[in-house]
Amino acid sequence: MHESRSAALSGVRSAALSRARAAALRRARAAALIGLAVAASAGCSGGEDDGKNGETAELGARPPGAHRWTGEPCDLLAGAAPAEGFTLGSTTDSASPDPREDIGENGTRPRYRQTGCLADLKAPDGTFWKLSTTASVYEDPGPARHAYRVKEDLDRSHGRGPEKVHDAAYALPADDGGRPGRTLLLWNGDLVLTVSAYAPHGSTEREVRKDLERIIGNAARRTEDGLRDHDAPSPAP
């Protein structure tokens, strides 16, 4: 009688252990499947790269060039999408043919002419974004380089960055009445270029940063290339 009771208890304990092992095995398999799904999702999306793999990060430095002024800067942005899924909407040229004077080194007053474009962009979801470009074309590359360095030092002293894109370009966050944005500043030869883009109200910087980087990177490439005088000798680096 005693032996039968012991055998029964042993059988119960064995069954309980088997069920516990089976449950643990199921949990381990479920955790493994979840881990694989998360890894696959991160691989497809590129993971969280904080914008380091965005378009502006891939905006490589070009050899210094000579540039010319244009009265139709918005035309430089036409003919290609601002970024994948985005379309260029209404545009407004802002171009002054009159030369201006800058405050240069050692009291010099270098001259430059400015041209720019303000454009509406339509995103794939139907929301409207904003893009602006401002290009200052100097008579000589030296003053252009000085103006770029002064702006970079000013942004750094005010704690606004900068986030280096390459040795002659940097990016920083921007804001337009609560609309999150991003600004790129670039120097090339006799050109100092500023490109800014802004997402709709209610957006967060984290949500829109990659699209902003693509937009300003593409706009900077097209503007710099469109203003470049390909027949003129390139200035020394």
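Guide: Helices (H or I, at least four residues) and strands (E, at least two) are DSSP runs, numbered from the N terminus. The model discussed here is predicted.

Visitor: What share of the residues score a pLDDT of at least 70?

Guide: pLDDT is the predictor's confidence in each residue, from 0 to 100. The chain averages 81. The share of residues that score at least 70 is 75%.

Visitor: How many contacts beyond four places in sequence does the model have for residues 22–55?

Guide: Over residues 1–10 pLDDT stays under 50, and the model has zero such contacts for them. pLDDT also stays under 50 over residues 22–55. Where pLDDT is low, the predicted coordinates should not be read in detail. With that caution, the count for residues 22–55 is 15.

Visitor: What share of the chain's residues count as buried?

Guide: A residue is buried when its relative accessible area is under 20%. The chain has 237 residues, and the share of them that passes as buried is 35%.

Visitor: What part of the chain's accessible surface belongs to carbon and sulfur atoms?

Guide: The accessible surface of the chain comes to about 13600 Å². Of this, the part that belongs to carbon and sulfur atoms is 53%.

Visitor: Which element gives the largest share of the lining of the largest pocket?

Guide: The largest pocket holds about 280 Å³ of space. Its lining has 16 residues, with Asp102, Tyr138, Ala147, Lys151 and Val192 nearest the centre. Two or more lining residues come from each of strand E2 (111–122), strand E3 (128–138), helix H2 (141–157) and strand E7 (191–198). The largest share, six residues, comes from H2.

Visitor: How many residues in the lining of the largest pocket are nonpolar?

Guide: Sorted by class, this lining includes five polar and two charged residues. The nonpolar residues number nine.

Visitor: Which elements give two or more residues to the lining of the second largest pocket?

Guide: The second largest pocket has a volume of about 230 Å³. It is lined by 17 residues, and Ala61, Arg62, His166, Trp187 and Asn188 are the closest to its centre. The elements that give two or more residues are strand E6 (179–188) and helix H3 (205–227).

Visitor: How many residues in the lining of the second largest pocket are charged?

Guide: Asp, Glu, Lys and Arg count as charged. The lining of the second largest pocket has eight nonpolar and four polar residues, and its charged residues number five.

Technical notes: Residues are numbered from 1 along each chain as its sequence is written. This is a predicted model: local features need pLDDT of at least 70, side-chain atom pairs count only at pLDDT 80 or more; totals for chains, interfaces and linings use all residues. Side-chain values use heavy atoms; hydrogens and water are left out. On a 1 Å grid over the protein atoms alone, a cavity is a set of points where a 1.4 Å probe fits but cannot get out, and a pocket is an open set with protein on both sides within 12 Å along at least five of seven lines; lining residues have an atom within 4 Å of a point. Grid points are joined across faces, edges and corners, and a volume is the space filled by probe spheres set on the points. Buried means under 20% relative accessible area, exposed over 50%, partly exposed in between (1.4 Å probe, protein chains only). Accessible areas come from the Shrake-Rupley method with a 1.4 Å probe; for residues, only the protein chains shown count as cover. Contact means heavy atoms within 4.5 Å.
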